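Reader: Before the discussion begins, could you put the sequence and the model on display, so that each term can be set against its definition?

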Amino acid sequence: MKALKMVVRVVSTLCVLLVVSVLGLWIASHRRDAGRMRGSIEIERTPDEVFAWMCEPEKLRQWVGWLTEVRPDSTTPRQGIGHKETWIMDDPRQKQKLSVPGTITLWEPPLEMGVHIEAPGMFEGDVFYKLTDLRNGRTRVEQDARFHSLDRLAALIEPMMTPEAMHKMVDDMHRLKSKVEAQPFPADSSGH
């Protein structure tokens, strides 16, 4: 009888812990900034130089982690609002590559760009980039991304996924800075 009471207590305690954990995740996943990632970095180059690294496929693959291929949609404008392309991501934690389609929603080169991203059945969101000319060949790049999951389980564990995605975003921004600043300065067009 004592053993049965002990088993009931342990099982009851585990059930309470599970309910409290799920409830905590649900509450955290419904916070105001759930799925939002923001960051900025300063790069020792002009906005024109930096912007090129944000929209040319060959350059994107050099700084966006896991990006193996950029497939432009030939039925849409070559660039600008309405341009569509699919990013093929090779996340080492996944068994297969992930196709992430995106559509340009804001296009103000070299200072602003917005992209709507949809991974059907998984997530969707918007990423906005703002480049601020700090003068003297310096640019601040700000990224503001908001995503929400279309899968209920993934939505529940958003409080664990967003910090991991934020870490990748910060790593990508540092890689962007490193790649852009490794390029030689453009030739002085004034002839000096």
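Reader: What makes the seven strands an open sheet, and in which order do they lie?

Author: This is a predicted model, in which local features need pLDDT of at least 70 and side-chain atom pairs count only at pLDDT 80 or more, while totals for chains, interfaces and linings use all residues. Residues are numbered from 1 along each chain as its sequence is written, and side-chain values use heavy atoms, with hydrogens and water left out. Strands are DSSP runs of E with at least two residues, numbered from the N terminus, and two of them pair if DSSP finds at least two bridges between them. The order is 1-7-6-5-4-3-2 with antiparallel pairing, and strand 1 (36–43) and strand 2 (67–72) are called edge strands because each pairs on one side only.

Reader: How do you know that strand 4 and strand 5 pair?

Author: Strand 4 (residues 98–108) and strand 5 (residues 112–119) are joined by six bridges in the antiparallel sense, where at least two are required, so they count as paired.

Reader: What is the angle between helix 5 and strand 1, and how is it defined?

Author: Helix 5 (residues 158–182) runs at about 20° to strand 1 and lies across strand 1, strand 3 (84–89) and strand 7. Axes are lines fitted to C-alpha atoms, for helices over the stretch in contact (heavy atoms within 4.5 Å), and angles run from 0 to 180 degrees between N-to-C directions.

Reader: What share of the chain is called buried?

Author: Of its 192 residues, 29% count as buried, meaning under 20% relative accessible area with a 1.4 Å probe, protein chains only.

How values were computed: Buried < 20%, exposed > 50% of the residue type's maximum accessible area, 1.4 Å probe, protein only. Helix = DSSP H or I, 4+ residues; strand = E, 2+ residues; numbered from the N terminus.
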